[in-house]
Amino acid sequence: MEKFLNLVRSNNMVQAVLCIAFGLFLMIYPSITVQGIILLFGVALAVMGAAGLMSYFRQRSVRYRDSGTLMAAVFYIIIALIAFIFPKVIAGFFSVALGVVLILLAIVNVVRAFSLRSFGSSIWIAVLAAAVLVGIGGVLIVVNPWGASMTFVLVLGATFVINGAVDLFIEWYTRDSEKKAGTTVRR
């Protein structure tokens, strides 16, 4: 049982260190990370398009070839090329879409807040405040989509670093507690 616990501890330590390293990488190189994700997205689409083309042209009979397969394959390859040529534009597009969704959610929550007001509780103020914050965030993302992508990656990196640090602290704390418990039992 002790070997198993030692294995779990060493695995947790490795995971914590990797979390911190990955988080620091995201925080130090956020633009490379965003573009890398878009390029990986492009690679995946290119592979899907190539597989579709191979599937289409493998059919010996022209009569049984599915034109939908060909159209989807060409579409994937075109989107992959756009992702390879314009990764910042793609990242900005996704950020703008996220900003628009956040603005719409904020509008819905403002309407809900005023509906809650009629119940006489003061909870509507908290819902309204949260809706306004979400709406401001959505507007900021729409105004500066590339900066929003970078901020997201920075926050994600900080989250990984904090998670790894908490894991290391828990590991240190449990080892320290076990040592203290072991010394008190031996006395």
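Biologist: What do L39, V43, V47, V74, I78, L81, I82, F84, I85, F86 and V89 form on the surface?

Modeller: In this predicted model, these residues make up a nonpolar patch, and together they have about 950 Å² of accessible area. The elements that contribute two or more residues to the patch are α2 (30-58) and α3 (67-85).

Biologist: Which element gives the most to the nonpolar patch?

Modeller: That element is α3, with six residues.

Biologist: Where is V43 placed, and why is V43 called partly exposed?

Modeller: V43 lies in helix α2. Its relative accessible area is 43%.

Biologist: How many aromatic pairs does a search of the whole structure find?

Modeller: The search finds five aromatic pairs. One of them is formed by Y56 and F57, with 5.0 Å centre to centre and 85 degrees between the planes.

Biologist: What makes the pair of Y56 and F57 edge-to-face?

Modeller: Planes over 60 degrees apart count as edge-to-face. The angle here is 85 degrees, so the pair of Y56 and F57 is edge-to-face.

Biologist: Why is Y56 called buried?

Modeller: Y56 has a relative accessible area of 15%. Buried means under 20%, so Y56 is buried.

Biologist: Why is the pair of F75 and Y76 called tilted?

Modeller: Its planes are 50 degrees apart, and its centres 6.3 Å. Stacked requires under 30 degrees and edge-to-face over 60, so this pair is tilted.

Biologist: How do you know that Y76 is partly exposed?

Modeller: The relative accessible area of Y76 is 28%. Being between the cut-offs of 20% and 50%, Y76 is therefore partly exposed.

How values were computed
Residues are numbered from 1 along each chain as its sequence is written. This is a predicted model: local features need pLDDT of at least 70, side-chain atom pairs count only at pLDDT 80 or more; totals for chains, interfaces and linings use all residues. Side-chain values use heavy atoms; hydrogens and water are left out. Patches are made of residues with over 30% relative accessible area and no salt bridge: like charges are joined within 9 Å, nonpolar side chains (Val, Leu, Ile, Met, Phe, Trp, Tyr) within 5 Å. Accessible areas come from the Shrake-Rupley method with a 1.4 Å probe; for residues, only the protein chains shown count as cover. A salt bridge is a side-chain nitrogen of Lys or Arg within 4 Å of a carboxyl oxygen of Asp or Glu. Helices (H or I, at least four residues) and strands (E, at least two) are DSSP runs, numbered from the N terminus. Buried means under 20% relative accessible area, exposed over 50%, partly exposed in between (1.4 Å probe, protein chains only). Rings of Phe, Tyr and Trp (its six-membered ring) pair if their centres lie within 6.5 Å; planes under 30 degrees apart count as stacked, over 60 as edge-to-face and the rest as tilted.
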